[in-house]
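Colleague: Hi, I'm new to this one. Could you show it to me and walk me through it?

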Amino acid sequence: MTASPLSLPRLREEAAGCRACHLWKNATQTVFGEGPAHAQVMLVGEQPGDKEDLAGKPFVGPAGQMLDRALKEAGIDRGKVYVTNAVKHFKFVPRGKIRLHQKPNTPEIRACRQWYERELATVRPTLVVAMGATAAQSVFGRITPINKNRGRLIETNDGHKALVTVHPSYLLRLPEADARAREYERFVDDLKIAATQLTHDKAA
Ligand code: URA
């Protein structure tokens with residue numbers, strides 16, 4: 001790992017000027033992670049969406065509301081976990097007044113991984129939860145299929161555990177109410193595994 005642990009405010013400041021890939025050009029700002037400096041659990045999403053890009057905070061839009069609901073149901077206080085994204089600039093194409101989300105590609109994920117590594121080295125969580133394919137690719141450093149790996153604690157070479165699950169936006173996109181309810185319950189079940197890693201003995 002190339003990371004040198006800096007405080008989160010210093011890292012955030014450095015990341016604000018990141019030009020490691022081209023995504024900064026059209027985005028409003030870098031959306032860095034947020035949460036307690038030594039959270040036991042780190043949640044990793046894909047990239048900021050439209051609302052996050054404007055607010056400068058991760059998971060504050062519709063996917064964030066879905067995440068908040070599921071965290072609550074799993075017994076996790078969002079204020080106790082560190083929430084970040086694999087890619088820290090919003091990637092989109094303009095369509096009239098709308099900015100349409102675009103999935104980040106491998107070079108973009110790789111270019112941004114330094115920030116995830118540095119967040120990891122600073123926060124040193126016990127568990128990292130990768131939500132969706134982009135997060136899993138960043139967390140494991142390679143393409144990692146969600147369904148084959150989800151729902152169980154995986155030991156990593158970096159000295160922490162990892163848990164793979166779906167991205168909350170996936171739940172928002174499911175057209176069928178039954179499938180949506182079923183998949184939501186599975187997502188909550190995965191987060192309940194994360195909840196087992198939250199103990200009361202590590203100061204945030
Ligand atoms: N989707 C993400 O992956 N991250 C966010 O912050 C918002 C939506």
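Colleague: Where is F59 found?

Modeller: F59 is found in the loop between α2 (50–55) and α3 (62–73); helices here are DSSP runs of H or I of at least four residues, and strands are runs of E of at least two, numbered from the N terminus. A note first: this is a predicted model, where local features need pLDDT of at least 70, side-chain atom pairs count only at pLDDT 80 or more, and totals for chains, interfaces and linings use all residues. Residues are numbered from 1 along each chain as its sequence is written, and side-chain values use heavy atoms, with hydrogens and water left out.

Colleague: Is F59 buried or exposed?

Modeller: F59 is buried, with a relative accessible area of 5% (buried is under 20%, exposed over 50%, partly exposed in between, with a 1.4 Å probe and protein chains only). Its phi is near 50°, a positive value in a residue other than glycine.

Colleague: And what about phi of R124?

Modeller: Phi of R124 is also positive, near 50°. R124 sits in the loop between α4 and β5 and counts as exposed, at 58% relative accessibility.

Colleague: Switching topic: what is the strand order in the open sheet?

Modeller: The five strands run β2-β1-β5-β7-β6, with mixed pairing; two strands pair if DSSP finds at least two bridges between them.

Colleague: Which strands stand at the edges?

Modeller: β2 (82–85) and β6 (154–155) do; each has a single partner strand, so one side of each is left without a neighbour in the sheet.

Colleague: In what sense do β6 and β7 pair?

Modeller: β6 pairs with β7 (residues 161–165) in the antiparallel sense, over two bridges. There, I154 stands opposite A162 in β7.
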